[in-house]
Amino acid sequence: KRETTLAMIKPDAIEHIGKILNAIYGSGFLIKRMKMCHLSLTEAQQFYAVHQARPFFRTLTEFMSSGRVFAMELVTENAIAKWRKLIGPTNSDTARAEDPDSLRANFGTDNTMNACHGSDAPETAKQEVSFFFDRADVGRCAQLR
Ligand code: CMP
């Protein structure tokens, strides 16, 4: 069954956008919509609101608003699991140890600067796609700061 996920290239990996797009197309994903933007701190806090009680929330949101990100609505069979498999484990060092061909192993740095994001479930995918592509206010982040 065709499924949708929200994929994002994070500020630390934005320079590798070409290689990451090649990997995405090489794995058979359709990129339905895409947008490059520079999130404000408030927008990053909204996107990661589910993590607001976590000790890493401040580091994460400051990092995510530190430079450009590239968001994509990816569509294919089993897109959520397939994209999460392609990016690898959350911690880039774990990725290098356990899944050296993954995007985080190749382009990530650590547990916060980990190159890519992927939705974890259909409901979150819906919310995250909507955050980037259906909201007029976040649409304004297409103006690069
Ligand atoms: P992401 O897939 O974007 O979802 C939440 C993000 O929080 C995650 O990738 C990491 O960038 C970050 N994160 C998760 N766990 C930790 C942690 N233990 N320490 C620091 N950052 C983390």
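**Figure 1. The protein chain as a whole, with its share of buried residues.** Of the 145 residues in the protein chain, 34% count as buried. What you are looking at is a predicted model, and the protein chain averages a pLDDT of 94, with 93% of the residues scoring at least 70. For the complex, the predictor gives an ipTM of 0.95 and a pTM of 0.94. Along its principal axes, the C-alpha trace of the protein chain spans about 35 × 30 × 30 Å.

**Figure 2. The order of helices and strands.** Eight helices and four strands make up the count for the protein chain. If you follow the protein chain from the N terminus, the elements come in the order β-α-β-α-α-β-α-α-α-β-α-α. The protein chain is as compact as a globular protein of its length, because its radius of gyration of 14 Å is close to the 15 Å that the globule rule gives for 145 residues. Contacts reach along the sequence too: among those between residues at least 6 apart, 68% join residues at least 24 apart.

**Figure 3. Strand β3 and its pairing with β1 and β2.** Let us begin with β1 (residues 2-9), which runs antiparallel to β3 (residues 69-77) and is joined to β3 by eight bridges. Within this pairing, look for Ile9, which stands opposite Phe70 in β3. Strand β2 is also antiparallel to β3, and here seven bridges make the link. A handy landmark is Ile31, standing opposite Leu74 in β3.

**Figure 4. A closer look at Arg33 in strand β2.** Arg33 belongs to strand β2, which covers residues 30-37. Leaving aside residues up to four places away in sequence, Arg33 touches Glu73 and Phe133. For a sense of scale, find Ser92: this residue is 59 residues from Arg33 along the chain, and their C-alpha atoms are separated by 27 Å.

**Figure 5. The residues around the ligand.** Which residues are found around the ligand? They are His51, Phe56, Leu60, Thr90, Asn111, Thr112, Asn114 and His117.

Technical notes
Residues are numbered from 1 along each chain as its sequence is written. This is a predicted model: local features need pLDDT of at least 70, side-chain atom pairs count only at pLDDT 80 or more; totals for chains, interfaces and linings use all residues. pLDDT is the predictor's confidence in each residue, from 0 to 100. Helices (H or I, at least four residues) and strands (E, at least two) are DSSP runs, numbered from the N terminus. Two residues are in contact if their C-beta atoms, placed from the backbone, lie within 7 Å. A residue is near a molecule or strand if its C-beta atom, placed from the backbone, lies within 6 Å of it. Two strands pair if DSSP finds at least two bridges between them. The radius of gyration is taken over C-alpha atoms; the globule rule is 2.2 Å times the number of residues to the power 0.38. A residue is buried if 20 or more other C-beta atoms lie within 10 Å of its own, exposed if 12 or fewer, and partly exposed in between; C-beta atoms are placed from the backbone.
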